[in-house]
Amino acid sequence: MRQFEYTAATDIRGATQAISTKPGSAFIAGGTGLIDLMKLDVETPQQLVDINRLPFAEITENANHGLRIGAMARNSVVAWNPLVRERYPLLSESLLAGASAQLRNMATVGGNLMQRTRCTYFRDVHETCNKRSPGSGCAAAEGHHRTHAIFGTSEHCFATHPSDMCVALVCLSAVVEVQGPSGMRRIPIEDFHKLPHDTPQIETALARDEVITGIELPPPSGKSRSIYRKVRDRASYEFALVSAAVLIETSAGMIDDVRIAFGGVATKPWRSAPAEKVLKGARADEAAFRSAAEAAVNGALLHRDNKFKVELLKRTLMLALAEVTGEQR
Amino acid sequence: MTCNVPVPCRVERQRVLNDVRQALQFTYTDVMQLTLNINGREHRLEMDPRVTLLDALREHVGLTGTKKGCDHGQCGSCTVHVNGRRINSCLTFAVMHQHDEITTIEGLAENGQLHPVQEAFIECDAFQCGYCTPGQIMSAAALLSEPVQHDIREAMSGNICRCGAYPNIVAAVQLAQARRS
């Protein structure tokens, strides 16, 4: 591992100052992603600013009866929090579907938002990768890409976003709260992660000198039900091949409102507006679920070895919809 | 520079050379002084900030019960408790834990009495080669105080056993849970 200077920040001003005064600086929170990549020489920070002592781990109800989750809250703490479990079971379920118990005890909400891709070529400095080394090429295009994205891809990069939590956050219309030298700003979760286009190295809307302080969840609707269905190569402790998050309101068998997001299939947590459109106002039955699944995969861009994701995603969505509405498929 | 290591291909050779080059660049200019609280004892140590908690425990403090498996947070053999919670000690720097209470497998027994999970592992013969065992035991011991414990295979999925002693490991965790309740 390359050398770095270590600084522990005690307040937010110190943290943002430290990061902006020295080039090549990075924040470290849980460290589960960053240290892994530092060992692989993929991340080479010259200075680490430790933000573990910043007071952003609280989970509190805000004035409009939504929830504010501090960026330093550990994934396990969020997943087991009574308010989260009662009002946002989707978030709890998605967190518990990710990583292992040990990693969830370390990883923070802010770090989960900043997670890097698991693409083999991104993680191997001896290979070409436009995300790690812009302009070098994409070894995945001709190489192993069974786990790669079918949505939101570009000719420069089609690596998947690995987070489960972020898929739930997209479904829940979360807002990311960030703070920089010029103050605080709020970024809707759908605008937080960036598509690769011809700059796959730019992954989020976060500026270099900004730090994530928390996420806000709007108040839940009392009538909504939700589900997170994740399909992977192992039963546990594995990234999603495909995952579907569904938040739905039904009355008398009709779908009043629905939000759908996918993981494991796109370069960012992927909201499926086409599937939502098909379902809104429709009867909650197999025919509608099938149409929604067809709409969801429309426009998928496939590579040699990830074509199976189309059928897998359709089936996963249909199963999730059937389970959450209690309808037979 | 000549390389005597047998290298199967050019890429592999380049990889070895890069590793050697990087190793030669090591200059310990940034030795930090820190205090770690491990198993109830304070240890004053000096180390490079790059030292992981795992390497600090094994190489600086001499507590080699905690094992290094993959060193990438994938196998769980390095599991220790920090402030009562199980974590992978390979994916965190020692310098980040100066205010924390660290417990390793060496600190699990109390007053000469084995921890219930340790006893259960012996009774159920929950190991073969034993390399993953300290991590398995630390993980299971933490599990006993976590909110949901019914799905042991899911809760223990962060600990890999390459011998495949899983049936007995699950039995041992169940036994420890039963005795506790």
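Student: Why is Phe151(A) called buried?
Tutor: Its relative accessibility is 4%. Buried means under 20% relative accessible area, exposed means over 50%, and partly exposed lies in between (1.4 Å probe, protein chains only). At 4%, Phe151(A) therefore counts as buried.

Student: Where do these values come from?
Tutor: The model is predicted: local features need pLDDT of at least 70, side-chain atom pairs need pLDDT 80 or more, totals for chains, interfaces and linings use all residues, and side-chain values use heavy atoms, without hydrogens or water. Residues are numbered from 1 along each chain as its sequence is written, while chains are lettered from A and ligands numbered from 1 in the order in which they are written.

Student: What does Trp270(A) count as, with a relative accessible area of 21%?
Tutor: Trp270(A) is partly exposed, because 21% falls in the middle class.

Student: Why is the pair of Phe4(A) and Phe93(B) called tilted?
Tutor: The ring centres are 5.1 Å apart and the planes stand at 50°, so the pair is tilted.

Student: How do you know that this pair joins two chains?
Tutor: Phe4(A) lies in the segment before strand S1 (5–8) of chain A, and Phe93(B) lies in the loop between strand S4 (85–88) and strand S5 (101–103) of chain B, so two chains are joined. Helices (H or I, at least four residues) and strands (E, at least two) are DSSP runs, numbered from the N terminus. Phe4(A), at 3% relative accessibility, counts as buried. Phe93(B), at 0%, also counts as buried.

Student: What makes the pair of Phe151(A) and Trp270(A) stacked?
Tutor: The angle between the planes is 5°, with 5.6 Å from centre to centre. The pair links distant parts of the chain, 119 residues apart. Phe151(A) sits in the loop between helix H7 (109–113) and helix H8 (165–171), and Trp270(A) sits in strand S12 (residues 270–271) of chain A.

Student: Why is helix H5 of chain A said to be largely enclosed?
Tutor: 6 of its 8 residues (89–96) are buried, so the rest of the structure largely encloses it. Among the buried ones are Leu90(A), Ser92(A) and Leu96(A).

Student: What makes S4 and S7 of chain A edge strands?
Tutor: Start with the sheet. It is open, with 5 strands in the order S4-S5-S8-S6-S7 and antiparallel pairing. Strand S4 (59–61) and strand S7 (183–188) each pair on one side only. Two strands pair if DSSP finds at least two bridges between them. Strands S6 (residues 175–180) and S8 (residues 211–217) of chain A are joined by 5 bridges.

Student: How do you know that chain A agrees with a compact globule?
Tutor: The rule, over C-alpha atoms, is 2.2 Å times the number of residues to the power 0.38. For 329 residues a compact globule would have a radius near 20 Å; chain A has 20 Å, so the two agree. Of the 329 residues, 56% count as buried.

Conventions: Rings of Phe, Tyr and Trp (its six-membered ring) pair if their centres lie within 6.5 Å; planes under 30 degrees apart count as stacked, over 60 as edge-to-face and the rest as tilted.
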